[in-house]
Amino acid sequence: MYRFLLTPRWWGINVFAVLAIPLCIFMGSWQLSRFEDRVQTHQQQEDRSARAKAAAARPLESLLPVDTVTSGRQASARGRYDTAHQLLVPARTLKDKHGERQGFYVLDLLRTDGGKALPVVRGWLPGDAGAKADTAKVPAPPKGEVTVTGALQASENQGTDGVQAGGGLPRGQLGMISAASLVNIVPYGVYDAWITQTDPQSPLHAVPPAAVEGSGLDLKAFQNLGYTGEWFVFAGFVVFMWFRLFRRDTEAARDAALGIVPEGDGGGDHDGGDGGGDDGSDGAGVSVVASVSGAASGAADQGDGPADGRGGGSGAGRGAEHGQDQGQGEAARAGQA
């Protein structure tokens, strides 16, 4: 009954199932592990940020370059603010106890003793960076040499929330906080990092440090979870289709073993090709053929009879009767068959 499993068609189906199911399970497990890694990294980053807030600030140079370990750590740098290049970062959202509010960052460049400048987000203000009434509230940076302390952050990129990488901003505004975007604005080198000040001047609000890219429970993390479900669904679909095909071919083989012909098969038998049909159409055909052959025999007998025609007429009558009897006999035999 199961000999159909040895056909080339089923060899192909079995090979596909054997390869596809483990692949789907492996890919689903891998996506699940990616999601679990992101969850674990997110928890570690939150713990690290909590410890960083309580830890003493360390010199900036000892924390560079910024990575998943040093991001969010308290860093300190000493230098002078460049008051000629104060910049506003528009369309930035601050989440606090009042909810989400739209505003802008106030960014100044601290010229350190090493020659490079450190971007410092001194704080956040609600409002529009292009409105004079809102920008008038921005306090001037401290003069003279100062020591700045804040949470260390990696340079932003086009995928960072709030970044305006398309350009077209008015003078004095910056769409992305990064060394690449600042190098065309200031005539000196800039650190590939920035800090957000912990205790800003009034009326500025402190900007909380952002989580390291790829470490939070963001859209990518939940995409991994969604891909996990998709791969496991694919594996189940392959198993379902295999059993469905197997069941269909098994039922077909069982019916064939019992002599049950599916509807639509063996059309020659239903058309009466091998014997008389249910309506006796083939029997009638046999009778017609027999009558014609009998008439032909009678005609032959007529041709061989006497010249006066009596013998020929009787011969024709006997031929017709003979043909009729022969046709009836053939029809009867066809009906019995």
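First, the ground rules: we are looking at a predicted model, where local features need pLDDT of at least 70, side-chain atom pairs count only at pLDDT 80 or more, and totals for chains, interfaces and linings use all residues. Residues are numbered from 1 along each chain as its sequence is written, and side-chain values use heavy atoms, with hydrogens and water left out.

Let's start with the charges. A search of the whole structure turns up seven salt bridges, a salt bridge being a side-chain nitrogen of Lys or Arg within 4 Å of a carboxyl oxygen of Asp or Glu.

One of them joins Asp 249 to Arg 9, at 2.9 Å from N to O. Asp 249 sits in helix α4 (residues 219–257) and Arg 9 in helix α1 (residues 8–54), so this pair ties together parts that are 240 residues apart in sequence. For the helices, I mean DSSP runs of H or I, at least four residues, numbered from the N terminus.

Are these two partners buried or exposed, or something in between? Asp 249 is buried at 14% relative accessibility, while Arg 9 is partly exposed at 41%. The cut-offs, with a 1.4 Å probe and protein chains only, are under 20% relative accessible area for buried, over 50% for exposed, and partly exposed in between.

Asp 249 has another partner to show you: Arg 248, with the closest N and O atoms 3.5 Å apart. Arg 248 is partly exposed, at 47% relative accessibility. Put together, Arg 9, Arg 248 and Asp 249 make up a network of salt bridges.

Staying in helix α4, Arg 247 and Glu 251 lie four residues apart, about one turn of the helix. Their side chains form a salt bridge at 3.3 Å, N to O. Here Arg 247 is exposed at 59%, and Glu 251 is partly exposed at 35%.

Now for the nonpolar side. Which residues form a nonpolar patch on the surface? They are Leu 6, Trp 11, Val 15, Val 18 and Leu 19, with about 560 Å² of accessible area together. Patch members have over 30% relative accessible area and no salt bridge; like charges are joined within 9 Å, and nonpolar side chains (Val, Leu, Ile, Met, Phe, Trp, Tyr) within 5 Å. The areas come from the Shrake-Rupley method with a 1.4 Å probe, and for residues only the protein chains shown count as cover. Leu 19 belongs to helix α1 and is exposed, at 58% relative accessibility.

Terms used: Helix = DSSP H or I, 4+ residues; strand = E, 2+ residues; numbered from the N terminus.
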